[in-house]
Amino acid sequence: MFNLHALEEAEKLVRRFFPATPQYNWPLLEARTGCEVWVKHENHTPTGAFKVRGGLVYMDGLHSRGVITATRGNHGQSLAYAGARYGVPVTIVVPHGNSREKNAAMRALGATLIEHGTDFDEARVEAQRLAEQDELDFAPSFAEPLVRGVATYALELLRGIPVPDALYVPIGLGSGICGCIMARDLLGLSTEIIGVQSTGADAYARSFREGRVVETERADTKADGMATRVPDPAALEIIRRGASRIVTVTDDEVRDAIRAYWQDTHNLAEGAGAAPLAALMQERDAMKGRRAAVILCGGNIDLDLFRDWVLP
């Protein structure tokens with residue numbers, strides 16, 4: 001998909017807008033998981049999530065009268081942030097009932113917001129229709145520039161810590177885990193890449209097992225960053241070739257991981273951001289005494305959801 005030089009150039013581009021995010025080894029998380037654990041804090045980017053890296057690389061050199069995309073939030077924020085800096089108008093389609101706070105953040109970054117459909121995949125179909133109707137460039141959630149951009153966090157992590165035995169990564173549409181696989185392979189490391197999905201939104205886990213794209217009828221999870229029903233075929237190919245397995249976690253396990261992050265590190269994680277830690281906690285016995293890394297991919301959780309789901 002790209003070589004190490006291209007990835008390093010993407011890292012330089014991202015550095016123009018914000019510094020490298022930290023990766024910390026938290027003693028209380030080690031006690032909780034029974035292994036050496038490093039957290040990559042993508043909740044510390046300007047949009048509170050890893051996707052902004054992909055948006056910046058995607059917009060670089062793009063000559064467009066306007067970009068349109070579909071999102072549950074972080075992908076849209078990334079394009080809105082990048083569009084404002086590159087002077088490209090951005091329109092974002094979100095499903096009805098989407099996060100109010102993510103919607104507000106996208107509007108604050110200058111994007112035009114449209115609500116359509118009941119979930120991400122229905123919003124995506126509408127965004128593609130509007131792109132053709134209004135002669136806009138449709139920005140998918142999975143594309144080479146996006147993967148190359150988000151892979152810069154994996155490059156920072158894998159060059160910044162002792163080589164981990166395993167790296168747990170959440171899967172929404174796949175750019176994050178594919179970026180990790182690419183960075184790992186380009187650096188010539190043997191780290192296991194382990195994908196994480198919700199038990200209620202497990203299209204990639206099913207597809208991984210069956211060796212083909214398997215769509216699901218529903219995506220039921222409070223971790224909206226993982227709420228996809230239709231895997232991307234190109235992403236699935238990379239994941240099947242480069243990931244060791246996909247672990248599924250319940251919303252209760254994700255809730256417990258959000259609490260763990262708050263108690264042990266005083267960092268706020270959204271559902272998808274906490275899912276890798278939930279998977280590591282689930283696999284505590286298998287990882288005992290080893291070195292693991294987890295991606296805290298974002299911290300954009302609504303206050304109401306945090307209060308109603310996490311605090312009780």
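Which side chains meet in a salt bridge at 3.8 Å, N to O? They are those of R259 and D256, and I take up this pair in the first point below. Please keep in mind throughout that this is a predicted model.

1. A pair within α11. R259 and D256 are three residues apart in helix α11, which means that about one helical turn separates them. Their side chains form a salt bridge with an N to O distance of 3.8 Å. Neither end is hidden: R259 is partly exposed at 24% relative accessibility, and D256 is partly exposed at 32%.

2. A network of charges. Salt bridges with shared partners connect E11, R15, K40, E42, R53 and E156 in one network. The count for the structure comes to 29 salt bridges.

3. R229 and its partner D119. The side chains of R229 and D119 meet in a salt bridge at 2.6 Å, N to O. This pair links distant parts of the chain, 110 residues apart: R229 sits in the loop between α9 (203-210) and α10 (233-242), and D119 in the loop between β5 (112-115) and α6. Both ends are worth a look for their surroundings. R229 counts as buried, at 14% relative accessibility, and D119 counts as buried too, at 13%.

4. R229 and its partner D121. R229 also forms a salt bridge with D121, here at 3.9 Å, N to O. D121 belongs to helix α6 while R229 is in the loop between α9 and α10, so the pair ties together parts that are 108 residues apart in sequence. Both R229 and D121 are buried.

5. Helix α14 and its two faces. Which residues of α14 (303-310) are buried? They are F306, W309 and V310. Viewed down the axis of α14, these buried residues fall within an arc of 90°, so they line one face of the helix. The face turned away from that buried side carries L303 and D308, which are exposed. Among the elements that cover the buried residues of α14 are α11 (251-265) and α12 (271-282).

6. Two residues with positive phi. For context, most residues other than glycine have a negative phi. E135 is not a glycine, yet has a positive phi of about 55°. E135 lies in the loop between α6 (120-134) and β6 (137-138), and counts as exposed at 60% relative accessibility. H266 likewise has a positive phi, near 60°, without being a glycine. H266 is in the loop between α11 and α12 and is exposed, with a relative accessible area of 61%. I would look at the two loops side by side.

7. The largest pocket. This pocket holds about 240 Å³ of space. It is lined by 17 residues, and S99, K222, D224, D302 and L305 are the closest to its centre. Both α5 (100-108) and α14 supply at least two residues each to the lining of the largest pocket. By class, that lining has four nonpolar, six polar and seven charged residues.

8. The second largest pocket. Here the space is about 150 Å³. Of the 16 lining residues, R124, P140, S141, L173 and D232 are the closest to the centre. The elements that give two or more residues to this lining are β3 (67-70) and α6, and α6 gives the most, with four. The lining of the second largest pocket divides into ten nonpolar, three polar and three charged residues.

9. How many cavities of 30 Å³ or more does a search of the whole structure find? The search finds one, and about 350 Å³ of space lies in this largest cavity. Of its 27 lining residues, K51, G172, L173, D224 and G225 are the closest to the centre. Each of α4 (74-86), β7 (166-170) and α8 (175-186) supplies at least two residues to the lining of the cavity. That lining consists of eleven nonpolar, eleven polar and five charged residues.

10. Where the points meet. D224 is among the residues closest to the centre of the largest pocket, and D224 is also among those closest to the centre of the largest cavity. L173 is listed close to the centre for the second largest pocket and again for the largest cavity.

How values were computed. Residues numbered from 1 in each chain as written. Predicted model: local features only at pLDDT ≥ 70, side-chain atom pairs only at ≥ 80, totals over all residues. Heavy atoms only, no water. Buried < 20%, exposed > 50% of the residue type's maximum accessible area, 1.4 Å probe, protein only. Arc of directions from axis to C-beta. Contact = heavy atoms within 4.5 Å. 1 Å grid on protein atoms, 1.4 Å probe; cavity = no way out; pocket = protein on both sides within 12 Å on 5 of 7 lines; lining within 4 Å. Points joined across faces, edges and corners; volume = space filled by probe spheres on them. Nonpolar A, V, L, I, M, F, W, Y, C, P; charged D, E, K, R; others polar. Salt bridge = Lys/Arg side-chain N within 4 Å of Asp/Glu carboxyl O.
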